Amino acid sequence: MSLSRKVPVATLGVPRIGRRRELKRALEAYWSRKSSAADLLETARALRVANWTEQCDRGVTIIPSNDFSLYDHVLDTATMVGAVPPRYGWTEGEVSLDTYFAMARGSQGEAAGLEHANHSDAVTALEMTKWFDTNYHYMVPELVDDQAFALSSAKPVDHFLEGRAFGVHTRPVILGPVTFLKLAKSPIRDFNPIALLPRLLPVYEELLRRLKVAGADWVQIDEPALVLDLIPNEQDAFNFAYDRLSKAAPELKIMLATYFGGLDGNLETALSLPVAGLHLDLARAPEQLEAVGRLAPKGLVLSLGLIDGRNIWRANLRPILDRIKPVVAGWPLERVEIAPSCSLLHVPIDLELETALDKDIKSWLAFAAQKMDELTTIARALSEGREAVSAELESSTQAAAARLTSPKVHDPLVEGRLAFIDEDMTHRKSGFSERSRLQDETLRLPLFPTTTIGSFPQTPEIRNARAAHAKGELRYVDYEAFLRKEIEAAIRWQEEIGLDVLVHGEFERNDMVQYFGEQLSGFAFTQQAWVQSYGSRYVRPPIIFGDVSRPNPMTVRWWRYAQSLTNKPVKGMLTGPVTILNWSFVRDDLARSVVCRQIGLALRGEVSDLESAGAKVIQIDEAALREGLPLRKSEWKHYLEWAIECFRLASTGVYDVTQIHTHMCYSEFNDIIDAIAAMDADVISIETSRSQMELLDAFEKFNYPNEIGPGIYDIHSPRVPGVDEMTNLLSQARQRLRDSQIWVNPDCGLKTRRWEEVRPALINMVEAARFLRDAPRAA
C-alpha cells in the first residue's frame with residue numbers, strides 16, 4: 001500500500017573525519033603551522049557539504065547540522081556557552097581556534113597562541129575521558145561554583161545557515177544542558193555542576209531563539225544522560241530545563257534524543273517533558289518500545305532507533321519490521337521517524353571502500369553508508385509495504401542465515417577448550433606479599449622504579465617502512481633489519497637516560513589491538529574503516545567475527561631480541577582480553593563474556609611462552625576495562641565478574657617470581673576499586689597527570705595493597721612537563737601511597753608523540769624519580 005506521506009529517515013549525526021581522513025590531515029597541518037586557519041575551515045566546510053550530499057543521495061530526509069566538530073562536540077558546547085577556564089586567558093567574545101585547541105591538547109610556552117600575552121606560559125589541556133560506554137573520547141568541561149555563561153559561539157546557527165545556503169534544510173543538533181552539566185567536573189570538592197543549570201539555561205534559550213530566527217523548525221537536543229541512573233533532583237533538572245526551553249522559541253520543535261540504553265526509571269520523566277519528539281535506542285533496549293508506545297502522549301513524534309549505530313553488523317530487516325509492527329500499527333505514521341540507535345559517528349563511513357575483505361564477511365557488514373540504506377529500506381517498507389522492498393529484505397535474510405551457519409564463524413575446538421576452564425586457572429599460586437618478596441629479590445629495582453607504558457613514537461620512517469613492506473616494496477629481511485635497528489636504538493637510549501625497566505618500543509606493531517588480532521583466529525581487518533577516537537586520533541577497530549584462538553606465539557621473538565641487548569629487565573608487552581574485546585567490533589551472535597574468555601585463554605598461552613623465554617616482567621594492558629562498565633549500576637556486578645575472570649585467566653598461569661603489570665586509562669576507580677584489587681596485578685599503572693593525582697584517592701581509601709604507577713606525564717598533549725611539575729605530582733602521590741608502592745611512568749604509551757617531545761619529557765621523569773629518592777617523606 002502506498003501512503004501519501006513517506007516515513008522520515010534521520011541519521012542523528014554522521015562521521016566527521018572524511019572518507020580519506022581529510023580532517024586529520026587538515027588538523028595536523030594547522031597544528032604544525034603548515035597551513036592556515038582558512039585552509040582548515042575550508043576543509044571542514046567541504047566535509048560538511050559532502051556529508052549532507054551523501055545523506056540526501058541515500059534517501060535520508062532529516063539531515064543533521066552541527067554534528068560536525070573540529071575536535072569534540074562536548075568541547076564545542078563548552079566554548080559555545082563560555083565555559084573556558086581562566087588559565088586559557090579568554091574573557092569574552094568568540095573563542096579563538098588556538099584557545100580551542102589549547103583546551104583540547106594543552107599548549108607549550110609562546111606557541112600557545114592564547115587570548116592575551118600574559119598567558120604565554122604553558123597550559124594543560126582539559127581532562128579527557130570516554131563518552132559514556134563508547135570508544136570515543138570527550139573533553140571534560142571544567143566548571144566552578146560561580147561559573148558565568150554566555151553565548152560565545154553561534155556555530156549551530158552558522159552550520160544551519162550554511163546548509164540552507166547549500167540547499168539543505170537541516171535539523172540542528174546540540175548537546176542538552178543537563179547532560180552537559182552532568183558530564184562536567186569541578187575542582188571544588190562535593191560541588192555538583194547540575195546546580196549551575198539556572199545560569200546555563202539563558203544561553204540555550206538565546207540559542208534556540210536564534211535558530212528559530214534563522215529558519216529552523218526542529219532542533220535535536222541530545223540528552224543521553226536520561227539512560228543513566230538519575231537521582232530525583234537530576235530528574236527534576238530535566239523538568240525544569242525543558243519547561244524553560246520549550247517556551248524560549250515555542251514554534252521551534254524539540255526532538256529529545258536519548259541513546260546508549262533504555263530509559264527505564266527515567267521513562268516517566270522523559271514522557272512528561274514538553275517536547276515534540278523523543279528518540280529511543282531500540283538496538284540497546286528494544287524492550288522499551290512497548291511501554292513508550294503505550295504511554296507516550298498522542299501528539300509525540302517517536303524516533304525509532306532500529307539500526308545499531310555502534311556496531312558494524314548488517315541488520316536482519318524482517319525481524320525488525322515484525323518487532324515494531326504492533327506499535328506502528330497503532331501509531332500514526334506521520335508521527336514516526338526511522339533512525340539509527342545513536343549517531344553514526346561510532347562506525348566507519350562506507351563498506352564499499354573495503355576491497356580486500358573476505359567476501360562472506362563483507363556480506364555480513366554494514367557501515368554508515370549501508371546503515372542509511374537499511375534505514376530507508378525500513379521506512380519504505382512502512383510507507384509502501386514490504387513488497388516494495390522485497391529484494392532488499394530477502395538479501396538481508398540470506399546474509400543473516402549464512403553467517404549463522406558459516407564454518408568461518410564456529411570452531412568446535414575453541415568451545416571444547418572453554419569447557420575445561422576451572423577455578424585454579426584464575427588465581428596466582430601465592431598472595432601478593434609473598435610474590436612481591438620474590439620479585440624484589442630477583443629484579444633488585446630502586447625505590448620509585450621508572451618505566452614507560454610500552455610504545456615509543458611511531459615516526460614517519462617507521463610508518464613508511466611498514467607501508468612499504470605491506471605493499472611488497474620492502475623485503476621482509478630488510479624490514480626486519482630496520483625494526484631491529486629501531487629496537488636497539490630504543491634500548492640503548494633507555495639505558496643512557498637511566499630507566500629501570502625497559503620496553504622494546506613496539507615498532508613492529510601497527511596498533512595495540514590490531515597487532516594481536518592479526519595473529520589470532522576469528523578476526524578480520526579493514527583498510528579504510530576508520531573511526532574517531534579523539535581529535536585527529538582515528539582507529540580501525542578489528543572485527544571479531546568468529547571463535548578466537550592463538551595459532552602461534554605472537555610477541556616472544558621480538559621480546560627475546562630486545563632482552564638480548566641489555567642486562568636490565570625488558571617488559572613483555574601484551575594487550576589484555578577485555579581491552580581487545582572493548583576496542584573491537586564484536587560479534588553479536590555470542591555473549592561478550594564468552595568471546596572475552598576465548599581471548600583470555602589465547603593470551604594465557606602467550607604469557608606462558610614469554611615466561612618460558614625468560615621474561616621476568618610481563619605487562620597485560622587493560623586500558624579499556626573500566627570503560628566497558630555498563631551505564632546502569634545494576635549491571636556492573638555481572639560485567640566485572642567476567643571481565644576480571646578473563647584478565648586473571650590470561651595472567652595467573654605464571655610463577656610467583658614473574659611480575660605481572662597492567663595499565664588502565666581514563667578511569668574513575670572509586671566505584672570499582674574492589675574489582676581492580678581483584679585483578680591481583682603486581683603493578684598497575686594509571687592516568688593521573690590531568691587529574692592532578694585525584695584518581696589515587698580511591699586507592700588510598702581502599703588501602704590498595706599492590707604497587708601503582710601513577711602517570712606523571714600527559715602523553716595526549718604536546719607539552720613537555722618540567723622536573724618540578726613531575727616532582728610535585730609524585731609528592732602528591734606520596735601523600736596517598738607508601739613509597740614502596742610507587743612506580744614512575746607516563747600516563748600511557750608514547751606512539752602518538754614525537755621524539756622531540758618524548759626525549760626531554762622522559763629525561764625529566766627520570767630526574768624527578770631520582771630527586772624523590774633523596775627527598776625526605778613529608779610528615
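User: Why is Gln619 called buried?

Analyst: Gln619 has a relative accessible area of 1%, and buried means under 20%, with exposed over 50% and partly exposed in between (1.4 Å probe, protein chains only), so Gln619 counts as buried. This is a predicted model, where local features need pLDDT of at least 70, side-chain atom pairs count only at pLDDT 80 or more, and totals for chains, interfaces and linings use all residues. Residues are numbered from 1 along each chain as its sequence is written, and side-chain values use heavy atoms, leaving out hydrogens and water.

User: What makes the link between the side chains of Gln619 and Lys571 a polar contact?

Analyst: The two side chains come to 2.6 Å. A polar contact is a pair of N or O atoms within 3.5 Å; within protein, one must be able to donate a hydrogen and the other to accept it, and residues adjacent in sequence count only if both atoms are side-chain atoms. The pair Gln619 and Lys571 therefore qualifies. The Gln619 side chain also reaches the backbone oxygen of Ile453, at 2.8 Å.

User: Which residues does Gln619 touch, not counting residues up to four places away in sequence?

Analyst: Contact means heavy atoms within 4.5 Å. Under that rule Gln619 touches Thr452, Ile453, Lys571, Gly572, Met573, Leu574, His661, Thr662 and His663.

User: How do the residues lining the largest cavity divide?

Analyst: There are 13 nonpolar, 6 polar and 5 charged. Here Ala, Val, Leu, Ile, Met, Phe, Trp, Tyr, Cys and Pro count as nonpolar, Asp, Glu, Lys and Arg as charged, and the others, Gly among them, as polar.
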